[in-house]
Amino acid sequence: QVHLVESGGGSVQAGGSLTLSCAASGDTPSTYCMGWFRQAPGKEREGVAIVDLDGSTTYADSVKGRFTISQDATKNILSLQMNSLKPEDSAMYYCAARWGVCAGLRAGPFGYWGQGTQVTVSS
């Protein structure tokens, strides 16, 4: 069992920045693929970025060059640095974990989820 708790959400103007954090505990975090997902009202949940067991990362095309996913040395903290934010980035952001290697940005394979943190970007 992996417990995930997000923090760092808030409201910013377009062009601004936010850093989200996810604290992982329980089962050994180093054996899990972890990622960030988001869901806006009326839309499907979409993958934003993931980091695999070897540290490799994958980003959604919509956030490449603007967002950076990272983990601390122990892999207990997952972060998402978001720069040049756009109104379309507004959503509830979720931290997620999947045992073993990553399998892309699809939400389905991820079995553990945090409760989410709201990000609102004004025009």
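Where in the chain is Lys 75 found? The answer is the loop between β7 and β8, and it comes back in View 4. First, some housekeeping: this is a predicted model, where local features need pLDDT of at least 70, side-chain atom pairs count only at pLDDT 80 or more, and totals for chains, interfaces and linings use all residues. Residues are numbered from 1 along each chain as its sequence is written, and side-chain values use heavy atoms, with hydrogens and water left out.

**View 1. The whole protein has zero helices and 11 strands.** Helices (H or I, at least four residues) and strands (E, at least two) are DSSP runs, numbered from the N terminus. With a radius of gyration of 13 Å, close to the 14 Å that the globule rule gives for 123 residues, the protein is as compact as a globular protein of that length. That radius is taken over C-alpha atoms, and the rule is 2.2 Å times the number of residues to the power 0.38. Along the principal axes, the C-alpha atoms fill a box of roughly 40 × 25 × 25 Å. Buried residues make up 41% of the 123; buried means under 20% relative accessible area, exposed over 50%, and partly exposed in between (1.4 Å probe, protein chains only).

**View 2. The largest nonpolar core holds 29 residues.** A nonpolar core here is a set of buried Ala, Val, Leu, Ile, Met, Phe, Trp, Tyr and Cys residues joined through side-chain atoms within 4.5 Å. Met 34, Trp 36, Leu 80, Met 82 and Tyr 93 touch the most other members. Strands that each supply at least two residues include β1 (2-7), β4 (32-39), β8 (77-82) and β9 (91-99). Apart from this core lies another, of six residues, among them Cys 33, Ile 50, Ala 96 and Phe 110. In soluble globular proteins, nonpolar side chains tend to be buried together.

**View 3. Zoom in on Leu 80 and its contacts.** Contact means heavy atoms within 4.5 Å. Leaving aside neighbours within four places in sequence, Leu 80 is in contact with residues including Leu 18, Leu 20, Trp 36, Val 48, Phe 67, Ile 69 and Tyr 93. Across the protein, residues 24 or more positions apart account for 61% of the contacts with a separation of 6 or more.

**View 4. Lys 75 and Ser 84 each sit in a loop with a positive phi.** Most residues other than glycine have a negative phi. Lys 75 has a phi of about 65 degrees although it is not a glycine, and at 18% relative accessibility it counts as buried. Ser 84, in the loop between β8 and β9, has a phi of about 50 degrees. Ser 84 is partly exposed, with a relative accessible area of 40%.

**View 5. Arg 66 is a charged side chain that counts as buried, at 11% relative accessibility.** You'll find Arg 66 in the loop between β6 (57-59) and β7. Not counting residues up to four places away in sequence, Arg 66 touches Gln 81, Met 82, Asn 83, Ser 84, Leu 85, Lys 86 and Asp 89.

**View 6. Val 63 is buried, with a relative accessible area of 1%.** Val 63 also has its place in the loop between β6 and β7. Beyond residues up to four places away in sequence, Val 63 touches Arg 38 and Val 48. Val 63 and Ala 23 are 22 Å apart in space, C-alpha to C-alpha, and 40 residues apart in sequence.
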